[in-house]
Structures are given as structure tokens and as C-alpha cells.
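Reader: I am new to this structure and would be grateful for a guided discussion of it. May we take it up by way of questions and answers?

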Amino acid sequence: MTSPKQALAHPAPSAETAPGDQPGAVPGAQGRGKPPTGPGSWRSRLYRWDMKASPYAFITPFFLVFGAFGLVPLLYTGWYSLHSVQLSSLDDQTWVGLENYKNLWSSDFFWNALKNTFTIGLISTVPQLLLALGIAHLLNYKLRGSTLWRVVMLTPYATSVAAATLVFTLLYSWDGGMINWLLHFVGVDPINWRESDWGGQFAVSSIVIWRWTGYNALIYLAAMQAIPADLYESTALDGANRWQQFRHVTIPMLRPTILFTVVVSTIGATQLFGEPLLFGGSKGGSEHQYQTLGLYMYDQGWIIGNLGKASAIAWSMFLILLIVAAVNMLVNRRLRKSQ
């Protein structure tokens, strides 16, 4: 038997309460996240339409911007590469097919630009990633003012290309530059960095190294901090020192990140433009000694005015990047199988 107080605390279900509903609930009330009752009601149809269409509405702005500023210019450049088009008369187009690509294949300037792009990319990418890996390993330990050092590492990346290149141009000046002034103390004659072959490529590569080392170091640091501490503790119990832990624990765990930075740095080296342009002009030196593919495309399209050939160079760079992406995919699959 229940007392009057218990009866008041637990009211009996009314006749309007459906089986399975909470007693005292308002009839017809809907909980959060539940579609309105009635499969044929307009609220139910609106709910289903909203659940299906909302994700596409959220990603639509990206595809609109990409289509307007990415896909359309890419396709239009491909159309230009099959025509003879001059900058002074864009409406006067003559179909030439693959003639622009054939001219590139037989052009010594194109192969020179491709070689310079490869050598500058190699000289800048390898030291850059090695330095970034070492800096990230040092920052991974508990240091005083670690946040300050991380901000310092990112400062070159935040500096504009023009400002950084102008400063390095002064440093590499043949008459009065600090680099030649330091070389004088070790008995080395002054080097005309802007006119020499390997000297110019080394100078341009040093600008790239200075700007991107800290950025890659922070990427490596984030990946290092995701490595479980148990791995280091177990290897320390086995008698491994810090160098052995770095070789046998840190490097294997960073393989996907290292592969990512290699691919991104390779893409950046293929599109290198601002540093060599500001350092030595659109010709890349008096003898095109550090003219990259980006500079060669700019020289053909905006200096000479041959937009058809410049478009063919742009699509050649795009095909090179596709090859790089394919190699990245193959290496990534090999790494996954080995793991």
C-alpha cells in the first residue's frame, strides 16, 4: 500500500499518456535531435532535407572559390598552351596543337631552368629538413622559455619574401657584403655571388633554408610530442642513450611526417619564384645560372609576351608535380607495408 505522500510524489499515468512515455510529459512534445512525428508532415520533410543538404551547403563555398580561382584558370591555361597567343593581342589566337610543348622539348633554356630547379631544390631541401629535424629534437626537451624559442623559429616564415631577399642580397654583395667580409678572414677571395654559377644557386638556396627551416621544425616538433613516452622509457631501461633513442625511436616514428615535409618542400622548390627573381632578375643571372621554371615561365609570359609558351611551361610544372605525387603515393604504400 502507498501512503498519500507517495501518491503525490508519483502521480498515476493519465489516459492520454502513451505507453513508454514518461509520466507527466506533455503530449506531442519532441526531444532534441528527434525528427518531428508524422512521416508525411512538412516538418518531417524539411528535417530530412536539412540533414541531407546541410553538409553540402557547408562545403559549397570552398568549391566555388576553388572553381573560380583554381580550376577555371588551370583549364584556361591548358587551352592557351595549345594556341599561339601573344600578351599584346589576347583575342588573336592560332591553334598550334602540341607545338609549344615541342618547342620546350628542344629548348636549351627550358632544360637549363629544369636543371636549376632541381639543383636549387636539392641544395635547399636536404639541409633545411636536416636542420629542422635537429632543432625540433632540441626543442622537444624541457627548455627554459620553450614558447619563446618556438616563436623565434616561426619568425622567418612570417617575414615577407621581398624583405628577406633584399637583406640576403646585401649580405651577398660582391663589394662590401658581410659574407665576403667573413670569407676574407679565412683567406678566401671575394665571390661575385650574383654572377657565379654555383654561388648564385647557393645564395638563393640559403634564403629558402632560412625562411622554411623553422616552419618544418615546428611540424617535426608536433609529431615528436605525439610519440608515446613509454617507448623512450623502455629503451632507456635497455641502456640506450639519447642518440640511440633518436635513431631507433624518433626517426622511425617520424617517417610519415618526414615524407610529408619532403613532398611539400619538393613542391615548393618546383614553384620557386620570388627569391631568384628579387636576387637576380627574371633572367636568373646574366647567363641564366639560377633561372628556375617559375622564372622562365614569367620571362616568357610577361617579359617576352608569349603566353602560349608560358602556359605550356605552367602545365609542364603541373605534370612534374603529378609525378612527385605519384612517387609519394608509392613510397607511402611501401612504408605502410613495412610497418
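Predicted model: local features only at pLDDT ≥ 70, side-chain atom pairs only at ≥ 80, totals over all residues.

Reader: Where do aspartate 299 and lysine 283 lie, and how many residues apart are they?

Author: Aspartate 299 belongs to helix 13, whereas lysine 283 is in the loop between helix 12 and helix 13. The pair thus links distant parts of the chain, and the separation is 16 residues.

Reader: Is aspartate 299 buried or exposed?

Author: A residue is called buried when its relative accessible area is under 20%. Aspartate 299 has a relative accessible area of 3%, so this residue counts as buried.

Reader: Which class of accessibility does lysine 283 have?

Author: Buried means under 20% and exposed means over 50%, with partly exposed in between. The relative accessible area of lysine 283 is 35%, and therefore lysine 283 is partly exposed.

Reader: How many salt bridges are found in the whole structure?

Author: Side chains of opposite charge can pair when their charged atoms come close. A search of the whole structure for such bridges gives a total of 2.

Reader: Which side chain meets glutamate 275 in a salt bridge?

Author: The N to O distance in this bridge is 3.4 Å. Glutamate 275 is in helix 12, and its partner is in helix 8 (residues 197–225), 64 residues apart. The partner of glutamate 275 is arginine 211.

Reader: Are glutamate 275 and arginine 211 buried or exposed?

Author: Glutamate 275 has 5% relative accessibility, and arginine 211 has 7%. The cut-off for buried is under 20%. Glutamate 275 therefore counts as buried, and arginine 211 likewise counts as buried.

Reader: Turning to aromatic rings, how many aromatic pairs does a search of the whole structure find?

Author: A pair of aromatic rings is described by the distance of the centres and the angle of the planes. The number of aromatic pairs found in the whole structure is 19.

Reader: Which arrangement do tyrosine 172 and phenylalanine 279 have?

Author: The ring centres of tyrosine 172 and phenylalanine 279 are 6.4 Å apart, and the planes make an angle of 85°. Planes over 60 degrees apart count as edge-to-face. The arrangement of tyrosine 172 and phenylalanine 279 is therefore edge-to-face.

Reader: Where in the chain are tyrosine 172 and phenylalanine 279, and how many residues apart are they?

Author: Tyrosine 172 is in the loop between helix 6 (161–171) and helix 7 (178–185). Phenylalanine 279 is in helix 12 (residues 274–280), so that the pair links distant parts of the chain, 107 residues apart.

Reader: Are these two residues, tyrosine 172 and phenylalanine 279, buried or exposed?

Author: Tyrosine 172 has 6% relative accessibility, and phenylalanine 279 has 0%. Tyrosine 172 counts as buried, and phenylalanine 279 also counts as buried.

Reader: Which residues do ring pairs link into a cluster?

Author: Tyrosine 172 and phenylalanine 279, the edge-to-face pair, are among the members. The cluster is made of Phe168, Tyr172, Trp193, Phe202, Trp210, Phe279 and Tyr290.

Reader: What value does phi of histidine 288 have?

Author: Most residues other than glycine have a negative phi. Histidine 288, in the loop between helix 12 and helix 13 (293–304), has a positive value. Its phi is near 55°.

Reader: Which residues form a positive surface patch?

Author: Lysine 337, one of the members, is in helix 14 (residues 307–338). Lysine 337 counts as exposed because its relative accessibility is 74%. The patch is formed by Arg333, Arg334, Arg336 and Lys337.

Reader: How many Å apart in space are threonine 257 and isoleucine 219?

Author: Threonine 257 lies in helix 11 (residues 255–270) and, at 17% relative accessibility, counts as buried. Threonine 257 and isoleucine 219 are 38 residues apart in sequence. From C-alpha to C-alpha, the distance is 7.8 Å.

Definitions and conventions:
Residues numbered from 1 in each chain as written. Heavy atoms only, no water. Patch = residues over 30% accessible without salt bridge, like charges linked within 9 Å, V, L, I, M, F, W, Y side chains within 5 Å. Areas by Shrake-Rupley, 256 points an atom, 1.4 Å probe, with all protein chains shown as cover. Salt bridge = Lys/Arg side-chain N within 4 Å of Asp/Glu carboxyl O. Lys, Arg positive; Asp, Glu negative; His and termini not counted. Charge placed at Lys NZ, Arg CZ, Asp CG, Glu CD. Helix = DSSP H or I, 4+ residues; strand = E, 2+ residues; numbered from the N terminus. Buried < 20%, exposed > 50% of the residue type's maximum accessible area, 1.4 Å probe, protein only. Phe/Tyr/Trp six-rings, centres within 6.5 Å; stacked < 30°, edge-to-face > 60°.
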